[in-house]
Amino acid sequence: MNTKKKTIAIIGGGQLGLMIAQEAHNLGAAVAVLDPASDAPAFSEADRCVVGAYDDVDALEKLCDGSCAVTYEFENVPGAVLRHIEDKYNIKQGIAPLLDSQDRLREKANARIHGLKTPDFIPVPALDFMDREDGDGQMPGNPQFPVPLSPQDASSLSGKERQHQLEQAVKVLGMPCVLKTRTLGYDGHGQYVIREDSDLEPASALLKVPCILEKFVDFDYEASVVMVSDGKNTIHFPIGRNIHTGGILDLSIVPAPGLADGLKENASGARIAGACEDFMKSCGYRGILAVELFVKGDDFYFNEMAPRPHNSGHYTIEGCSTNQYRELCRFLLGEPLETPRLLAPTVMKNILGQDLQAAKTIVAESLAGAGPGVSVDAPEDIDNAFCGEAGKGVYVHLYGKTQSRPKRKMGHITFTPMTLREFDEEWAYRFM
Ligand code: AMP
């Protein structure tokens with residue numbers, strides 16, 4: 001009998017890698033992790049740690065050697081580098097979803113081609129918006145489908161030219177609109193909301209690199225759907241309703257009000273989840289995919305996607321019968337997928353640097369009530385990597401990051417059973 005454990009190789013050692021590794025271990029597999037930082041959170045759980053840059057082919061080879069499958073825990077892994085190893089190792093999700101998610105222009109065009117509505121968008125800076133001295137005041141070309149400038153051409157524009165570009169693009173879409181860098185933006189970084197003329201000049205500083213200008217959607221709320229597909233079966237987790245603060249996810253609420261009756265998805269929820277599953281199938285993606293949406297009345301718009309576990313899916317660890325990390329691992333290990341079921345109303349609160357003290361206080365208080373024999377620490381003595389139940393139905397996950405700073409994701413707490421109303425009444429003040 002072959003008793004050798006299967007090994008999953010993970011590119012990236014952040015908190016998502018940590019939680020993938022925990023579930024891989026729960027399923028009896030081993031884990032290898034690559035990260036440039038020697039104190040990356042997932043190293044604490046990994047069986048084999050490789051410290052190296054993501055574009056270091058030798059480090060990638062070391063990571064993948066002996067693995068049954070390779071996955072990535074963030075979408076900015078340089079796709080071109082993976083081309084060197086894709087023939088040799090089993091990058092089971094493939095590189096396509098990674099490349100499709102790395103560029104907002106490609107990502108949104110792809111979403112439309114495969115059946116999802118998006119906010120109106122155009123690339124900027126564009127050839128069509130160049131200031132032409134011999135012009136007749138008309139915009140050349142077709143401003144609805146402008147031709148984007150290359151990164152080199154974008155970088156050589158003067159401040160005046162950038163502002164002109166933005167003015168032309170804003171004329172096409174109208175205000176309010178959002179300017180975003182096409183690559184490497186996250187959590188509201190690399191974007192600017194344009195509501196009035198005075199926003200044009202400061203926003204145009206972003207145009208040193210290729211950007212996308214999007215119509216601002218006055219949405220009712222944001223939602224996300226996390227799916228896992230093995231090519232035959234596609235499952236999705238209960239849709240989360242997401243509340244962002246300052247561009248960063250703050251809370252996920254499940255069941256999403258408006259998209260479920262009791263714990264079960266209603267017709268609106270099923271329509272959204274069905275459209276996302278159809279999108280995933282139409283793209284031919286396998287593995288895990290999270291889709292972020294804006295919901296407005298009966299309409300919903302694709303905002304972005306990530307071919308990895310998603311922050312809004314942390315709640316599945318305690319809130320569902322199976323979780324996003326476990327189903328990703330099942331896919332990677334070639335095991336049948338399990339359809340998830342929501343166990344109870346659940347609220348997930350992200351713990352950013354500014355919330356860490358409050359989270360540790362919650363842990364310290366729960367230990368104080370734990371009875372004789374349990375030593376009680378002051379909040380500041382609680383381990384940065386604490387993971388466990390801190391009072392009934394309060395599941396604290398701290399990621400073990402050594403440096404805390406405002407807005408950095410340091411952990412999350414899942415409250416279940418818990419409704420948003422109960423959270424607001426009983427817990428929200430702790431994080432103010
Ligand atoms: P993103 O990095 O694209 O996910 O944007 C971060 C946050 O900015 C989103 O979660 C929304 O809250 C907001 N946002 C982004 N794009 C739009 C848009 N087109 N209309 C309205 N709000 C947006």
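Here are some notes on this predicted model, point by point.

1. First, the ground rules. Residues are numbered from 1 along each chain as its sequence is written, and side-chain values use heavy atoms, with hydrogens and water left out.

2. On the overall layout, the protein is split into domain 1 (7-91), domain 2 (120-215), domain 3 (217-329) and domain 4 (344-432), with bounds taken from an automatic or database domain assignment. Between the C-alpha centres of domain 2 and domain 4 there are 42 Å.

3. Now the ligand. It lies between domain 2 (120-215) and domain 3 (217-329), because both give residues to the shell around it. That shell has 15 residues, of which Lys180, Glu214, Val217, Glu222 and Glu304 come nearest; a residue is near if one of its heavy atoms lies within 4 Å of the molecule. Sorted by class, the shell holds 5 nonpolar, 3 polar and 7 charged residues. Here Ala, Val, Leu, Ile, Met, Phe, Trp, Tyr, Cys and Pro count as nonpolar, Asp, Glu, Lys and Arg as charged, and the others, Gly among them, as polar.

4. A ligand nitrogen sits 2.9 Å from a polar backbone atom of Val217. On its own the ligand has 480 Å² of accessible area, and the protein covers 91% of that (Shrake-Rupley method, 1.4 Å probe). Strands S6 (177-181), S8 (211-215), S15 (287-296) and S16 (299-306) are the elements that give two or more residues to the shell; strands are DSSP runs of E with at least two residues, helices are runs of H or I with at least four, and both are numbered from the N terminus.

5. Then the cavity. A search of the whole structure turns up 1 cavity of 30 Å³ or more, meaning a set of points on a 1 Å grid over the protein atoms alone where a 1.4 Å probe fits but cannot get out. The largest cavity holds about 30 Å³ of space, the volume being what probe spheres set on the points fill, with points joined across faces, edges and corners. Its lining (residues with an atom within 4 Å of a point) includes Phe237, Ile239 and Tyr315. Strand S9 (221-229) gives the most to this lining, with 3 residues.

6. Last, some backbone details to check. The Met175 to Pro176 peptide bond is cis, and Pro176 lies in the loop between helix H7 (159-173) and S6. Thr416 and Pro417 are also joined by a cis bond. Lys407 has a positive phi, near 75 degrees.

Notes. Predicted model: local features only at pLDDT ≥ 70, side-chain atom pairs only at ≥ 80, totals over all residues. 1 Å grid on protein atoms, 1.4 Å probe; cavity = no way out; pocket = protein on both sides within 12 Å on 5 of 7 lines; lining within 4 Å. Polar contact = N/O pair within 3.5 Å; in protein donor to acceptor, adjacent residues only side chain to side chain.
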